[in-house]
Amino acid sequence: MNLNDVARQTAAEFAKLYGREPKWLVAAPGRVNLIGEHTDYNDGYVFPMAIERYTVIAAAPTANGSNTVRLASTAMARAVALDLTKPLTPFPKGTWANYPTGVIAGFIARGLKPSGFDALVNSTVPLGGGLSSSAALEVATATLLEVITGTKLDPVEKALLCQKAEHEYASMPCGIMDQFISVMARENHVMLLDCRSRVPELVPMSDPAVAVLIINTNVKHELTGSEYPTRRKQCEAAAAAMGVAALRDATAAMLESAKARLDPVVFKRARHVIGEIDRTLRAAAAVRAADWAEMGRLMYASHYSLRDDYEVSCAELDLVVELAKEIGLQGGVYGCRMTGGGFGGCCVALVRTAEVEAISNRIMSGYKQVTGIEPTLFVSRPAAGATVLKA
Ligand code: ADP
Ligand code: MG
């Protein structure tokens, strides 16, 4: 479904639910990170692109003029109502409406209070698959609030407002990547984002001969929850041992000299981060030069580093990468890696457009044969950031 189809569908569902046409329609994309994993909280670089999967919100002023916001989603059974005459507070943890509510609270905190409205969320970004349906929902809400309040925020401020909503209302200590790319993406561009300076640079990627293939393993391993904080602490320990503010400031040579003083696991974690930051910069250079073979090599190297040094992969992600590697350059695959936090979710592959069909079929059947699970595959061009479709 292209964006116009999703928008039409959302408007129709809105009319069914609320009994009138929406006045406003907005959209924000999901994203895939091509390379630069677990680098964001080390002040490093990430390299995401927006995908042609969108969260659309249809909305209209309340019919009776009340100061109430009604939020519904086609993906959720439960709708919520917000009373704008009272201060907003988060719902219990895990409630989907925390994401939009946090964004609305962010606007109100800036003195931008909307009047009551009815809204319906509808998305083609898979929920919880590592393609950032959460940021798409936040950024779509912020785009809606811009239209309703007649105020266009600075794009960086808008992204940070959405990040804050995820921190404070959804209790997710996320970085800045997802919101930056969903707000500021440009068609046929990948974003090299410096997570220290927060300066994004758009790198053109428009060669029709290559395609980005996303493979959702459709597994998500339940973990103890300590994996992410533990790795953050290990990174901080490595940086402290080398006397730098963040691993961004360390080099492979510095790490080698500090090896004797470091716990072996901490050493491996730091080796991933330092190597990954370097690979991300080299990947941006490779895309600029349309050197797809080099980009592919960097993607494989990233995967193996995440698997062996950072230890955040899993059997299903490894299987997809091995299937891609078997197809190889001859079969049209430049590179493949896990993307997102790990332990499930998606892989991303760079492939020759002409071979997309054959590659998809081989990965699909190979993956299903071993795991018994049906993967979901789709290709995407680098898409544009959030847009207003009707105002
Ligand atoms: P990801 O961002 O990788 O998709 P998250 O766990 O960060 O995964 O965010 C998923 C959560 O975001 C969902 O469980 C839900 O609470 C909320 N969400 C995302 N998209 C929608 C939607 N279309 N409708 C309702 N809630 C959504
Ligand atoms: Mg998310």
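Predicted model: local features only at pLDDT ≥ 70, side-chain atom pairs only at ≥ 80, totals over all residues.
The protein chain is divided into two domains. Domain 1 is made up of residues 3–205 together with 383–390, and domain 2 covers residues 210–380. The centres of domain 1 and domain 2, taken over C-alpha atoms, are separated by 27 Å. At the interface, 45 residues of domain 2 are in contact with 32 residues of domain 1. The size of an interface is often given as the accessible area lost when the parts come together. For domain 1 and domain 2, the area buried between them is about 3,100 Å², with 65% of it on carbon and sulfur atoms. Four salt bridges are counted between the two domains. A salt bridge also joins the side chains of Arg-248 and Asp-194, with an N to O distance of 3.0 Å.

By class, the lining of the second largest pocket consists of six nonpolar, three polar and three charged residues.

The largest cavity has a volume of about 50 Å³. Residues lining the largest cavity include Ile-57, Leu-71, Pro-100 and Ile-104, along with Phe-117, Ala-119 and Val-121. Leu-137, Thr-141 and Leu-144 belong to the lining of the largest cavity as well. Three elements, helix H2 (98–109), strand E6 (117–123) and helix H3 (133–149), each supply at least two of the lining residues. Nine residues of this lining are nonpolar and one is polar, while no charged residues are present in the lining.

The second largest cavity contains about 30 Å³ of space. Met-205, Val-210, Ala-211 and Val-212 are among the residues that line the second largest cavity, and Ser-380, Arg-381 and Pro-382 also contribute to its lining. Strand E9 (residues 210–220) provides the largest share of this lining, namely three residues. The lining of the second largest cavity divides into five nonpolar residues, one polar and one charged.

Note on methods. Residues numbered from 1 in each chain as written. Chains lettered and ligands numbered in written order. Heavy atoms only, no water. Nonpolar A, V, L, I, M, F, W, Y, C, P; charged D, E, K, R; others polar. Domains from an automatic or database assignment. Contact = heavy atoms within 4.5 Å. Buried area = accessible area lost by both parts, 1.4 Å probe. 1 Å grid on protein atoms, 1.4 Å probe; cavity = no way out; pocket = protein on both sides within 12 Å on 5 of 7 lines; lining within 4 Å. Points joined across faces, edges and corners; volume = space filled by probe spheres on them. Helix = DSSP H or I, 4+ residues; strand = E, 2+ residues; numbered from the N terminus.
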